[in-house]
2 protein chains.
Amino acid sequence: MLENSSSSSQRLTVITCTAPVNIAVIKYWGKRDEELILPINSSLSVTLHQDQLKTTTTVACSRSFQEDRIWLNGKEEDINQPRLQSCLREIRRLARKRRSDDDPSNDISLSHRVHICSVNNFPTAAGLASSAAGYACLVYSLSRLFGVEGELSGVARQGSGSACRSMYGGFVQWKMGEREDGKDSLAEQVAAESHWPELRVLVLVVSAERKPVGSTSGMQTSVKTSQLLKHRADSVVPGRMEEMISAIQKRDFATFAELTMKDSNQFHATCLDTYPPIFYLNDISRRVISLVHRYNQHYQETRVAYTFDAGPNAVIYTLQEHVPEFVQAVRHFFPPETNGGEFVKGLSVDSASLSEELKRAIGMEPVPKGISYVISTQVGPGPCVVEEPNLHLLGPDGLPMKST
Amino acid sequence: MLENSSSSSQRLTVITCTAPVNIAVIKYWGKRDEELILPINSSLSVTLHQDQLKTTTTVACSRSFQEDRIWLNGKEEDINQPRLQSCLREIRRLARKRRSDDDPSNDISLSHRVHICSVNNFPTAAGLASSAAGYACLVYSLSRLFGVEGELSGVARQGSGSACRSMYGGFVQWKMGEREDGKDSLAEQVAAESHWPELRVLVLVVSAERKPVGSTSGMQTSVKTSQLLKHRADSVVPGRMEEMISAIQKRDFATFAELTMKDSNQFHATCLDTYPPIFYLNDISRRVISLVHRYNQHYQETRVAYTFDAGPNAVIYTLQEHVPEFVQAVRHFFPPETNGGEFVKGLSVDSASLSEELKRAIGMEPVPKGISYVISTQVGPGPCVVEEPNLHLLGPDGLPMKST
């Protein structure tokens with residue numbers, strides 16, 4: 001934390017943190033309480049590594065600030081958004097509680113206003129759940145600023161449901177809880193990021209189109225209209241959560257992969273059962289699904305799994321040993337633009353060749369430029385504090401630095 | 001029936017019938033008995049008019065025939081197919097029973113072999129349920145040949161499940177039944193073809209691609225793997241059947257249309273919940289779905305409904321008064337090839353223009369050639385005997401006429 005005294009009367013306290021994206025393998029879709037953001041079923045996700053995908057947030061506090069303000073990806077946004085207000089209010093409440101309890105050490109006045117500046121290192125249009133990383137980072141940063149410790153996933157949840165899972169690294173479940181006040185609807189680590197080092201993640205970016213229906217309104221319509229969603233939440237997910245946790249604990253890739261694919265498909269099935277129906281998968285998504293099933297079929301072994309959130313991009317889970325060949329298969333069946341920059345970003349991938357048998361077994365007509373690029377990554381840790389002061393996004397005047 | 005005595009020793013008895021296509025509005029997907037073809041839920045369909053879409057089948061019988069034979073769309077096929085054999089066996093059983101009961105009038109010997117020749121007046125690749133019309137026509141023709149009357153939908157059902165619904169005109173339910181022997185799994189007319197004269201049907205032919213997964217194996221996989229399908233069959237369809245029958249009886253188009261769309265979507269949702277998932281809708285199908293919802297939204301009234309079977313083609317239900325404008329909307333958003341022949345086949349459709357407001361409200365980017373053509377039709381009657389002897393598909397020698 002930097003205490004900047006550019007002017008003797010205007011002490012600025014500033015802190016910068018990063019938080020990860022998470023990709024659910026048991027999907028969250030549907031709230032039982034819109035205000036508190038309480039889900040109709042538990043869910044489970046893998047936290048992706050921040051070396052490839054992260055949100056960075058700087059928060060600053062000063063007596064001289066007239067009002068709370070926020071800048072997202074370089075643009076000032078409305079601080080009065082209800083979900084932002086929920087997070088600010090909850091963090092301040094926890095800070096107040098903590099101080100009255102026992103600790104006078106943190107001297108940040110709770111009456112001081114905050115400035116918040118946040119950027120993603122990945123395009124929002126990539127369809128990754130940027131709100132999860134964003135709210136996790138906001139809550140984590142504010143908690144450090146105000147000296148709040150302990151369970152914070154319940155606060156992040158009130159920003160964006162899935163944000164609670166980005167508060168931990170590794171494999172994380174969000175237990176739906178039972179209480180009406182939501183106090184037991186919290187994230188919990190199932191296994192640490194070091195638990196399954198061979199696990200790899202590939203994000204296949206299908207298109208930068210905006211998604212047609214946002215997830216907040218989409219899940220509202222689903223809860224209202226889909227009879228299948230209710231059955232899924234009540235009768236299917238509880239068993240799948242248990243199976244998934246056990247597969248992760250045993251590092252049983254085939255079970256993990258099959259459940260992941262089935263749960264992605266069931267989530268999209270409930271979107272289609274919504275009225276009017278919601279479609280997130282497009283023809284390229286469907287080709288990725290075929291590619292994965294035919295690839296696995298060829299080896300008579302589940303080596304690769306797909307999952308899709310509220311958009312057409314595929315997230316692939318596989319093991320390190322299969323990455324080079326599978327990436328080559330993606331390159332073969334979705335030939336990239338020759339001058340389109342690097343096709344694989346992130347963790348480097350060894351080159352590999354495809355056997356003629358494998359190509360024949362997959363037997364799909366290649367679709368040029370069907371996939372724009374691939375982000376190669378792995379399981380990663382939860383939110384972190386950035387120690388280097390030159391990485392702050394807010395300058396000594398409490399306003400965004402030019403470079404952001 | 002023609003008794004042809006081209007040679008005194010080789011009397012040929014020949015009969016020709018036609019049967020209709022039906023399009024389900026409450027979908028059949030999943031069998032509880034593969035052998036008897038007993039479904040896991042009841043279903044309901046509209047019989048389409050044979051002026052536009054029909055199967056024609058000639059059956060002939062002669063002491064000189066050495067074996068049962070069948071020609072489909074000009075090509076001889078294997079008569080030993082189990083489902084064909086089921087139909088032949090059942091019809092002969094009923095004929096035998098009837099004669100031993102009371103009636104010596106029909107002198108066709110049950111030991112005579114039959115020749116069967118069948119053609120569709122629509123391309124199989126159009127993705128319409130040609131097996132339903134085909135088996136209905138086969139069973140109906142054989143029943144006339146052998147002088148069998150009464151309930152025959154249970155025989156047609158054993159050829160192809162949905163064929164039982166093509167045994168009646170108008171609006172037809174297939175009651176799933178409860179008995180293990182399937183004797184109560186029969187079709188029944190809900191309303192005659194004259195009941196709702198304003199109802200119109202448009203088949204939007206999206207593509208002539210072969211469907212990726214046949215419905216027989218597709219529904220087997222769904223029954224085995226989809227938890228949502230079981231819930232649908234047990235808990236959703238019974239209520240929908242009642243609502244649908246009531247909507248038809250009251251000619252309540254909005255309710256009929258909404259249930260039709262919801263049930264189509266739920267069927268495709270269960271396909272997606274199947275493992276590996278089954279996709280029948282493609283990007284053009286999804287655009288048709290959007291077009292329909294936006295069209296209805298614009299008028300704040302449900303004027304048009306879509307339904308999709310095991311393929312990408314849309315079947316549209318609407319009322320006569322809305323046909324010209326909706327067809328114009330299809331033509332506008334899926335501009336046909338200028339030299340591609342007539343875009344609308346079947347019942348003629350008046351021209352209409354689209355208001356700029358409607359185009360803006362729909363607001364989709366047009367997709368040239370997304371729809372190949374439209375078949376305009378209406379509700380129609382059940383199977384019929386063709387009286388003109390020059391329409392027989394089998395010649396005096398009992399072999400297919402050259403023109404077939």
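This is a predicted model: local features need pLDDT of at least 70, side-chain atom pairs count only at pLDDT 80 or more; totals for chains, interfaces and linings use all residues.
Residues are numbered from 1 along each chain as its sequence is written, chains are lettered from A and ligands numbered from 1 in the order written, and side-chain values rest on heavy atoms, with hydrogens and water left out.

**Rings**

Over all chains there are 24 aromatic pairs. A pair here is two rings of Phe, Tyr or Trp (its six-membered ring) with centres within 6.5 Å, called stacked if the planes are under 30 degrees apart, edge-to-face if over 60 and tilted for the rest. W196(A) and F256(A) make an edge-to-face pair, at 5.3 Å centre to centre and 65° between the planes. W196(A) sits in the loop between β12 (187–191) and β13 (199–205) of chain A and F256(A) in helix α6 of that chain, so the pair ties together parts 60 residues apart in sequence. Helices (H or I, at least four residues) and strands (E, at least two) are DSSP runs, numbered from the N terminus.

Chain B also has an aromatic pair with W196(B): the ring centres of W196(B) and F253(B) are 6.3 Å apart and the planes are at 75°, so this pair is edge-to-face. W196(B) lies in the loop between β12 (187–191) and β13 (199–205) of chain B, and F253(B) in helix α6 of chain B, so parts 57 residues apart in sequence are tied together. W196(B) counts as buried because its relative accessibility is 3%, and F253(B) counts as buried because its value is 7%.

Back in chain A, one aromatic cluster is made up of F171(A), W196(A), F253(A), F256(A) and Y317(A).

Charges meet rings too. R144(A) sits over the face of Y140(A), at 4.3 Å from the ring centre. K262(A) lies over the face of Y275(B), at 5.0 Å from the ring centre. To count, NZ of Lys or CZ of Arg has to be within 6 Å of the ring centre and within 35 degrees of the ring normal.

**The cavity**

What volume does the largest cavity have? About 170 Å³, and the structure holds two cavities of 30 Å³ or more. On a 1 Å grid over the protein atoms alone, a cavity is a set of points where a 1.4 Å probe fits but cannot get out, and lining residues have an atom within 4 Å of a point. Grid points are joined across faces, edges and corners, and the volume is the space filled by probe spheres set on the points.

The largest cavity has a lining of 16 residues, with L272(A), F279(A), R286(A), L272(B) and F279(B) nearest its centre. Helix α6 (253–272) of chain A and α6 (253–272) of chain B each supply at least two lining residues. The lining splits into twelve nonpolar, two polar and two charged residues. Ala, Val, Leu, Ile, Met, Phe, Trp, Tyr, Cys and Pro count as nonpolar, Asp, Glu, Lys and Arg as charged, and the others, Gly among them, as polar.

In chain A, the 16 residues of helix α2 (residues 130–145) should span 22 Å at 1.5 Å a residue, and the end C-alpha atoms are 22 Å apart, which agrees. The expected span is 1.5 Å times one less than the number of residues. Of the 16 residues in α2(A), 13 are buried. G147(A) follows α2(A) and has a positive phi, near 65°.

Most residues other than glycine have a negative phi, and most peptide bonds are trans.

| Peptide bond | Omega |
|---|---|
| Y275(A) to P276(A), cis | near -10° |
| Y275(B) to P276(B), cis | near -5° |

P276(A) is in the loop between α6 and α7 (283–299) of chain A, and P276(B) is in the loop between α6 and α7 (283–299) of chain B.

K369(A) is not a glycine, yet its phi is positive, about 60°. K369(A) is in the loop between α9 (356–362) and β17 (373–378) of chain A, and it counts as exposed because its relative accessibility is 52%. I37(B), not a glycine either, has a positive phi of about 55°. Is I37(B) buried or exposed? I37(B) is buried, with a relative accessible area of 0%, and it is found in the loop between β4 (31–33) and β5 (38–39) of chain B.

Technical notes
Buried means under 20% relative accessible area, exposed over 50%, partly exposed in between (1.4 Å probe, protein chains only). On a 1 Å grid over the protein atoms alone, a cavity is a set of points where a 1.4 Å probe fits but cannot get out, and a pocket is an open set with protein on both sides within 12 Å along at least five of seven lines; lining residues have an atom within 4 Å of a point.
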